[in-house]
Amino acid sequence: MPELPEVETVRNGLSRHLHGERISKVELNREGLRFPFPDGMATALEGRTVIGIDRRAKYLLVRLDAGSIWLIHLGMTGKFTLYNSIDEVPGQIKHDHVVIHTASGKVAVYNDPRRFGIMDIISPGAEDEHSLLGHLGLEPLSDEFDALALASALRGRRSPIKTALLDQRLVVGLGNIYVCEILHRSGVSPNTLAGELVRKDGIPRVSLSRIADEIRQVLVEAIEAGGSTISDFASVDGDLGYFAHSFQVYGREGEPCLGKVCTGTIRRIVQGGRSTFYCSRCQRS
DNA sequence: AACACCCCCTGTCGGC
DNA sequence: TGCCGACAGGGGGTGT
């Protein structure tokens, strides 16, 4: 489910509800998700106050008053729902794996059918050397991100640009949906080898500059739309994201290209084991 | 170093 | 109606 805009939407909601709240009780309804929960995770959270919630790539970093960090990844189907009081909680629902209670009576429920999510506790000061965070690439909405930085990351890559943009070691936060949309808007074929978008001297070609611009543009638009709801994504308040209405290619195999003057048909191919949707007529280069 | 492939897990949907 | 395979927003690990 969640790519950068969805994670950002969740971050906003969690921040609004939990900032300054003291965690009073944590219920763990199973041993772990994708990995076992770290020893003493509930204890590490209980009694702590949430002093901030950040995002790095598709990870949420819940900062606690003692300096430790509750690290969360939503995987494919992870979802938080916030309730203002225990009375609003509609009872235990299938796949509700973690339940957080705060001193003021709020409840945060983490539900994750496929259990590809991740939770961990990072000790104070150990953020930089965490194994899941260490190899992450460019943050696309940061000041450091531009066409030149992207060119530097892609230089020499012999994998298709579609695959390269999904590689979190190069640029983070993009997932299958947004990469398809970004390449379509940029007019670049998903089959183009990443390294071919960079000149020998390391300068980005025009098409790569377009991709860099569209990465930012699409992410900003999607965040403003509250993310994309495909089957069940929602904010912590239950609001649906409406960026899916803006999809030009994702999930549109066999349908006409929506480009202004394009008469092409959207195709689906498989790259790196995942579906790519694109228009072979207006995505050439 | 870079890439291809497999795996984790549950739910849904289309075809037969 | 039921069964079966394909597929789904992610990413780590292994082998080449």
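Mentor: Ala-151 is found in helix H3, residues 147-154. The model is predicted, and what follows describes that prediction. Is Ala-151 buried or exposed? Ala-151 counts as buried, because it has 23 C-beta neighbours inside 10 Å; the cut-off for a buried residue is 20 or more.

Look next at the contacts of Ala-151. Leaving aside neighbours within four places in sequence, Ala-151 is in contact with Val-198, Gly-202, Ile-203, Pro-204 and Leu-208. Ser-68 and Ala-151 are 83 residues apart along the chain, and their C-alpha atoms are separated by 35 Å.

Now take the core. The largest nonpolar core has 70 residues, and Leu-150 and Leu-154 touch the most other members. Helix H6, residues 206-224, gives this core its largest share, seven residues. Leu-154 touches Ala-164, Leu-170, Ala-194, Gly-195, Leu-197 and Val-198, if residues up to four places away in sequence are not counted.

Turn to the sheets. Strands of a sheet pair through backbone hydrogen bonds, either parallel or antiparallel. One open sheet has four strands in the order S1-S6-S7-S5, with antiparallel pairing. Strand S1 (23-28) and strand S5 (79-83) stand at its edges, each with a single partner strand, so one side of each is left without a neighbour in the sheet. The twist averages 15° from one strand to the next.

Go through the pairs of this sheet. S1 pairs with strand S6, residues 96-102, in the antiparallel sense over five bridges. Val-26 has Ile-100 in S6 as its bridge partner. S6 in turn pairs with S7, again antiparallel. Five bridges join S6 and S7. Val-99 stands opposite Val-109 in S7. The hairpin of S6 and S7 has four residues between the strands, and Gly-105 takes a positive phi near 100° there.

Stay with Val-26, which lies in strand S1. How is Val-26 classed, with 19 C-beta neighbours inside 10 Å? Val-26 counts as partly exposed, because of that count of 19. Beyond neighbours within four places in sequence, Val-26 is in contact with Ala-42, Leu-45, Glu-46 and Ile-100. Ile-100 is therefore a contact of Val-26 under the 7 Å C-beta cut-off, as well as its bridge partner in S6. Val-26 and Ser-207 are 181 residues apart in sequence and 49 Å apart in space, C-alpha to C-alpha.

A second open sheet has four strands in the order S2-S3-S4-S8, with antiparallel pairing. At its edges stand strand S2 (50-56) and strand S8 (118-122), each with a single partner strand, so one side of each is left without a neighbour in the sheet. Neighbouring strands of this sheet are turned by 20° against each other on average, direction ignored. Inside the sheet, five bridges join strand S3 (residues 59-64) to strand S4 (residues 69-73), which run antiparallel. Tyr-59 stands opposite His-73 in S4.

H1, residues 4-18, lies across S2 and S3 and runs at about 175° to S2. H1 also lies across S5, S6 and strand S7 (107-111), running at about 30° to S5.

One more hairpin is left. Strand S9 (residues 266-271) and strand S10 (residues 274-279) run antiparallel and are joined by six bridges. Val-270 has Ser-275 in S10 as its bridge partner. Two residues lie between S9 and S10 in their hairpin, and Gly-272 takes a positive phi near 55°.

Which residues are around DNA strand B? Gly-272 and Gly-273 are among them.

Methods:
Residues are numbered from 1 along each chain as its sequence is written. Chains are lettered from A and ligands numbered from 1 in the order in which they are written. This is a predicted model: local features need pLDDT of at least 70, side-chain atom pairs count only at pLDDT 80 or more; totals for chains, interfaces and linings use all residues. A residue is near a molecule or strand if its C-beta atom, placed from the backbone, lies within 6 Å of it. Two strands pair if DSSP finds at least two bridges between them. Axes are lines fitted to C-alpha atoms, for helices over the stretch in contact, and angles run from 0 to 180 degrees between N-to-C directions. Two residues are in contact if their C-beta atoms, placed from the backbone, lie within 7 Å. A nonpolar core is a set of buried Ala, Val, Leu, Ile, Met, Phe, Trp, Tyr and Cys residues joined through C-beta atoms within 7 Å. A residue is buried if 20 or more other C-beta atoms lie within 10 Å of its own, exposed if 12 or fewer, and partly exposed in between; C-beta atoms are placed from the backbone.
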